[in-house]
Structure formats: C-alpha cells, structure tokens
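Trainee: I would like to learn how to read the features of a model with you, one at a time. Could we begin with the basic terms and then move to the case in hand?

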Amino acid sequence: MDTIKTKRDSLLFGLISILIMIFIFSVYAKAETFDGKEISRYLSTIEKTKKRQPPLDPKTGLYVNQIKPHLFYVTDGVYQSAFLETAEGIIIFDSPPSFGNKLPAIIAQYAPDQKIKYLVYSHGHKDHIGGSALFKSIEGLEVIAQESVANSLAHRANPEILPPTISYTNYHTLSLGDDRIELINQGHFHSNDADSFVYLPKQKFLIAVDVLSPGYAPFKEFEVTPDFGRYLTIFELMAKTGAFLAVFQWFSK
Ligand SMILES: [Zn+2]
C-alpha cells in the first residue's frame, strides 16, 4: 500500500514539476518576444547604427575606399575585404561569399593591368573566405593561411574555399614589390583553429577580423571566442602594433 502511495506521490511530484517548468518557460518565452513595445526600446540604437554604415554604391551594393595609396578597403556593410596593389602584383585579404563574386571586377577597376598574386586568409571561417573560389582560375595564385586553418580547410574540403598553398605556424612575412605584410598567429581569440593579425607596417593598416565592432557590444558570446582570456588580451596587442587603421567585424574606423 505504502509503495503504491509513494509511486503515486512521485508521479504527482513529477507532473507538478513539469507544469512548473512549462510555466517558467512560457514566462521567459513571452519576455523574449519582441513586440512593438519591446523593440521600441532599441530604435534609437538602430538609428545610430545606420549612421555608422558606409555609403554603399547602389549599383554594386559595395563601398570601396582607397584608404592609403594603392590600398583599398571593400565592404558590403557587413563583411570586409581589402586589397593592396604593389609594384609586382596584387594581394587580396579575405574574400567573403557575400560579395566575393564582385571582387574581381572591383580589383580590375581600381588596379587595372595588375596580376593578382596572393590571397591571404585572416582565419578559416567560411563567411569571410567562402568567396575565394572565384579566384581559382588565376594561374600561379598563392593562398596563405595559418597551419591549423590550412589543415582544417583540407579536412573540410569546401569547394567554395581555395585551399592554402602556403602555411605558417606563428609568423610569416610576405614581401611583394616594396611592400611587406606580416601575418601573426594570435591564438584562439575568435575561432577554434587560429586567428591571425594581418599587418601592413608601411601603411600602418591592421586587419583583425571578428574582434569587435566599434560602437557595438561584442556580437555574440564575445565574438564566439573559445578562449576568453586570449580575447581580453587582444586589444592591447592591437594597440601595440601602432596601427591607426583596423578592420573589425562590420566596418573600419
Ligand atoms: Zn569568424
């Protein structure tokens, strides 16, 4: 008899617990709903955010800015790429899938008659380099990535991403014409493979992707970093390069 009562009490307890959980979930779900009243709290922020957006060309949907002689910054308002025209050819930095198909024409427009020699990856995420296969027909093109990124890309074998032909462990210097590019492995401040600074000392231009967007909160879990300690140190390391220009997640400043 006692056993039956205990079982009945357990079932009742379980049922009440489930009902409580459903109630708590429904309260939270309601709180997360962005109805008109909720979203109005964010409208002023959205206006400020819009003002920070670069003026996109209505024809291409891109903003191209020659930020230093022969150094071009390209964005669709969300993702970025850049390219440097040297005396001996062009170096491209990242090629996002969102506008990678437009990059060859943009490069031909701003740096005509120059051969594309190198494509450099900041890290291995597809949303930043998944437009690289557009350059696969370029003869002799060298693609540079950090070793862990190269291994990971080889494992994934994504046809939209050109496999690296040159890899490095901690540091790599690329010289072309009178220009020099420093590639510095900075650990896992954002991705699981490796995240590199791409630094152009002559132009004092630093590419540090998926770190932070000026004026924004880190977009998700502090830029989805697997190493929060490293993430916290990265800003000091950026400052130490002496760069006054940097590419972040959404746009440059
Ligand atoms: Zn990323």
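Mentor: Helices (H or I, at least four residues) and strands (E, at least two) are DSSP runs, numbered from the N terminus. This is a predicted model, in which local features need pLDDT of at least 70 and side-chain atom pairs count only at pLDDT 80 or more, while totals for chains, interfaces and linings use all residues. Residues are numbered from 1 along each chain as its sequence is written.

Trainee: Where does Asp 94 lie, and what is its phi?

Mentor: Most residues other than glycine have a negative phi, and most peptide bonds are trans. Asp 94 lies in the loop between strand E4 (89-93) and helix H4 (103-110), and it has a positive phi of about 60° although it is not a glycine.

Trainee: Is Asp 94 buried or exposed?

Mentor: A residue is buried if 20 or more other C-beta atoms lie within 10 Å of its own, exposed if 12 or fewer, and partly exposed in between, the C-beta atoms being placed from the backbone. Asp 94 has 28 other C-beta atoms within 10 Å and is therefore buried. His 70, in the loop between E1 and E2, also is not a glycine and has a positive phi of about 70°, but with 17 other C-beta atoms within 10 Å His 70 is partly exposed.

Trainee: How should I read the pairing of strands, and what is the order of the strands in the open sheet?

Mentor: Two strands pair if DSSP finds at least two bridges between them. Here an open sheet of seven strands runs in the order E1-E2-E3-E4-E5-E6-E7, with mixed pairing. Its edge strands are E1 and strand E7 (166-168), each of which pairs on one side only. From one strand to the next the twist averages 20°, where axes are lines fitted to C-alpha atoms, for helices over the stretch in contact, and angles run from 0 to 180 degrees between N-to-C directions.

Trainee: In which sense does E2 pair with E3, and in which sense does E5 pair with E6?

Mentor: E2 and strand E3 (residues 80-86) pair in the antiparallel sense over five bridges, with Phe 83 of E3 as the bridge partner of Phe 72. These two strands form a hairpin with four residues between them, and Gly 77 in the turn has a positive phi of about 95°. Strand E5 (residues 116-120) and strand E6 (residues 142-146), by contrast, pair in the parallel sense over three bridges, with Val 120 opposite Ile 144 in E6.

Trainee: Which residues of E2 are buried on each of its faces?

Mentor: In a regular strand the side chains alternate between the two faces of the sheet. In E2, Leu 71, Tyr 73 and Thr 75 are buried on one side, and Phe 72 and Val 74 are buried on the other. Five of the five residues of strand E2 (residues 71-75) are buried, so the strand is largely enclosed by the rest of the structure.

Trainee: How do I read a helix in the same way, and which residues of H6 are buried?

Mentor: An α-helix has 3.6 residues a turn, so residues three or four places apart point the same way. The buried residues of H6 are Val 149, Ala 150 and Leu 153. They cover an arc of only 100° around the axis, which puts them on the same side of H6; the arc is that of the directions from the helix axis to the C-beta atoms. The face turned away from this buried side carries the exposed residues Ala 154 and His 155. Helix H6 (residues 147-156) lies across E6 and E7, running at about 110° to E6.

Trainee: What does Val 120 touch, leaving out residues up to four places away in sequence?

Mentor: Two residues are in contact if their C-beta atoms, placed from the backbone, lie within 7 Å. On that count Val 120 touches Ile 91, Ile 92, Phe 93, Ile 144, Ile 181, Leu 183 and Val 198. A nonpolar core is a set of buried Ala, Val, Leu, Ile, Met, Phe, Trp, Tyr and Cys residues joined through C-beta atoms within 7 Å. The largest such core has 49 residues, and Val 120 is among those with the most contacts inside it, including Phe 83 and Val 198.
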